[in-house]
Amino acid sequence: MIEHVAIIGAGFSGTLQAINLLRHEGPRATLIERAPVAGTGLAYGAAHPSHVLNVRAANMSAFPDDPSHFVRWLEARGVQDAPGAFIPRVTYGEYLRELLEAALRDSNGRLTLVRDEVQDLEFGNDVKVRLRDRTIDADAAVLAVGNLPPHDPPGLDPKKLSGKRYKGDPWDASVPEDLGDDDTVLVIGTGLTMIDVVLLLDARGFRGKIVALSRRGLLPRSHAPGGEWEKIADRPATVASRLVQQVRQRGEAIGWRNAVDELRPFTQAMWGNASEAERGRFLRHLRPWWDVHRHRLAPEVHARLMAVIERGQLEVIAGKTLGFEEVPDGVDVALRRRGADGAETMRVQRIVNCTGPLGDLARTDEPLLQKLAARGTIRPDAAHLGIDVDNQGQTIDAEGRPNGNLYALGPMTRGAFWEIVAVPDIRTQTWSVARRLSNAHWVGGEGL
């Protein structure tokens, strides 16, 4: 009988897990967060006011059983035309914090927020959660650690570059500081995080040169006004070449955005049914194109980005870095452009790592995950995207056995579900795991 759940991490995933346990009248919960602010995580807690959601408000409710919840919250605060709006991320952070504060206030002691860092987890008849100077006993634990910091780019040793020159954390508040209009900033990565950094530099008045570099130099596409069309009814094939052919054909018929969006109900099942070889081919060859078409920008954000490019301030390069050498007035970066025979050297005054979150357990510096992996309590998934879990969210140990009292949520379960980084997917996952921990999954025959 599970009477107490310890949730490690109070970002989006952990906060919703705690709230959903209350909503299902499940076990009491202890929510543990080491950061100063709980309820938001990096995506919504470290955002600049100019950063907006990449999904319309109508799809951003915290609860799958109440899809208009966020829209009603906005309308109560006077937001006009809320369903189709792309809301500032700081506003969404306020929404999540209010949900957490209300849950704590109304829980009658069934939910506790602890501001501490988990040092270790020990498993026996129960789970002992070791904090800095005390231990919490629980019946089950949930890892809701969110996105981990990115890998350092190839050829870059952070110990050989000063903190002024290299920002390994793109959310570091010092990223836009102490730059002059004659300086050059190299942003490694050309995805959504790069766009956040570019728009932050622009908002702070930086007028120097920005260079964004990735292997293919692809930029996220823009959302467009929605429409109605007759969607596919059956799950597409998982063979990569056939899938590309089908999406191209559908794109010609209904538009590429619709062709991508109509896959959403099937993507987790497609990934789950794909062979390891098929998943590997997708990750090697198709992932960059999938990411830029699937994870799109709000139209106003895309327009701002294009303005920075059109005035010549932002240059996007396809290529790879080869080496880095700090000199008195910057860093000499050796790089090779895609398709070029030789290398070139570019002097920059700041480098920002926007290569995307780390998922590989073998390379993480997160002490708790290192300890659990070293003991074989958890293991990496086959693609090294994160923590291996079963379809119920239970972690898998080194021997391939599910841990009945240790679950994982959110982006670190991407190896099992692939589409598990956006709000609509994570809210469903936290809902489902909470139902299981509350024994509510038996209602309606789900457990039969």
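Student: Let me start with a side chain: with which side chain does the side chain of Thr-430 make a polar contact?

Tutor: A polar contact is a pair of N or O atoms within 3.5 Å; within protein, one must be able to donate a hydrogen and the other to accept it, and residues adjacent in sequence count only if both atoms are side-chain atoms. Here the partner is the side chain of Asn-20, at 3.3 Å. A polar atom of the Thr-430 side chain also lies 3.1 Å from the backbone oxygen of Arg-427. Before we go on, please note that this is a predicted model, in which local features need pLDDT of at least 70 and side-chain atom pairs count only at pLDDT 80 or more, while totals for chains, interfaces and linings use all residues. Residues are numbered from 1 along each chain as its sequence is written, and side-chain values use heavy atoms, with hydrogens and water left out.

Student: Where does Thr-430 sit, and is Thr-430 buried or exposed?

Tutor: Buried means under 20% relative accessible area, exposed over 50%, and partly exposed in between (1.4 Å probe, protein chains only). Thr-430 has a relative accessible area of 0%, so it is buried. Its place is in helix H13; helices (H or I, at least four residues) and strands (E, at least two) are DSSP runs, numbered from the N terminus. Taking contact as heavy atoms within 4.5 Å, and setting aside residues up to four places away in sequence, Thr-430 touches Ser-13, Leu-16, Gln-17, Asn-20 and Leu-409.

Student: How should I read a positive phi, and which value does Glu-25 have?

Tutor: Most residues other than glycine have a negative phi. Glu-25 has a positive phi, near 55 degrees. It lies in the loop between helix H1 (12-23) and strand S2 (28-33), and it counts as exposed because its relative accessibility is 68%. Asp-81 is another case, with a positive phi of about 50 degrees. Asp-81 belongs to the loop between helix H3 (69-75) and helix H4 (89-106), and its relative accessible area of 68% makes it exposed.

Student: Is the loop residue Gln-313 buried or exposed, and what does Gln-313 contact?

Tutor: Gln-313, in the loop between helix H10 (299-310) and strand S11 (314-327), counts as buried because its relative accessibility is 7%. Leaving out neighbours within four places in sequence, its contacts include Asp-202, Phe-206, Arg-207 and Val-308. The side chain of Gln-313 also makes a polar contact with the side chain of Arg-311, at 2.9 Å.

Student: Now the whole chain: how many helices and strands does it have, and how compact is it?

Tutor: The chain has 13 helices and 16 strands. Its radius of gyration is 22 Å, close to the 22 Å of the globule rule for 448 residues, so it is as compact as a globular protein of that length. That radius is taken over C-alpha atoms, and the rule is 2.2 Å times the number of residues to the power 0.38. Of the 448 residues, 52% count as buried. Among contacts with a separation of 6 or more, 68% join residues 24 or more positions apart.
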